[in-house]
Amino acid sequence: MSRGRPPVFKTPDELESLFHQYEADIRANPIKKRVYVGWQSRPEWLEVRRPLTVLGFEVWLSDRGICTSGLGNYRRQSCKHHEQFVDVLRYIRVACNADMICGALVGVYNAQIVWRLLCQSGHR
């Protein structure tokens with residue numbers, strides 16, 4: 001006899017596939033930043049790459065109505081079904097952290113903010 005709600009993600013592959021869709025969506029939709037160019041300070045729009053973040057992924061899932069409660073239960077392994085998601089959740093976290101670190105190293109992202117985010121999440 002099953003209890004509670006049915007699982008949002010049936011398999012880790014389903015969650016990983018959604019993460020790759022999030023990644024593609026983020027890459028296809030950069031942030032537009034207003035910059036002023038030249039001695040006349042002519043305003044132009046510069047497209048800046050968006051960072052991959054676990055929080056951003058959760059918002060992306062929620063905005064699409066896929067998972068409105070977040071991934072907390074999967075991270076906490078609140079039931080036997082969630083235990084199989086450990087590896088894919090680690091992959092998602094590491095991929096997001098690597099993106100932020102690489103972006104900070106080449107000056108795309110603010111290194112101080114990346115450092116603060118990584119320290120807050122306990123992944124230094």
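Trainee: What makes the pairing of the side chains of His82 and Ser78 a polar contact?

Mentor: A polar contact is a pair of N or O atoms within 3.5 Å, where within protein one must be able to donate a hydrogen and the other to accept it, and residues adjacent in sequence count only if both atoms are side-chain atoms; the side chains of His82 and Ser78 make such a contact at 3.1 Å. This is a predicted model, in which local features need pLDDT of at least 70 and side-chain atom pairs count only at pLDDT 80 or more, while totals for chains, interfaces and linings use all residues. Residues are numbered from 1 along each chain as its sequence is written, and side-chain values use heavy atoms, with hydrogens and water left out.

Trainee: Why is His82 called buried?

Mentor: Buried means under 20% relative accessible area, exposed over 50%, and partly exposed in between (1.4 Å probe, protein chains only); His82 has 8% relative accessibility and therefore counts as buried.

Trainee: Why does Asp87 count as exposed?

Mentor: Asp87 has 62% relative accessibility, so the exposed class applies.

Trainee: What makes a set of residues a nonpolar core?

Mentor: The set must consist of buried Ala, Val, Leu, Ile, Met, Phe, Trp, Tyr and Cys residues joined through side-chain atoms within 4.5 Å. The largest such core here has 18 residues, and those with the most contacts inside it are Phe9, Leu15, Phe57, Leu61 and Leu71.

Trainee: Which residues does Leu71 touch, not counting residues up to four places away in sequence?

Mentor: With contact meaning heavy atoms within 4.5 Å, Leu71 touches Phe9, Leu15, Phe57, Glu58, Leu61 and Leu89 under that exclusion.
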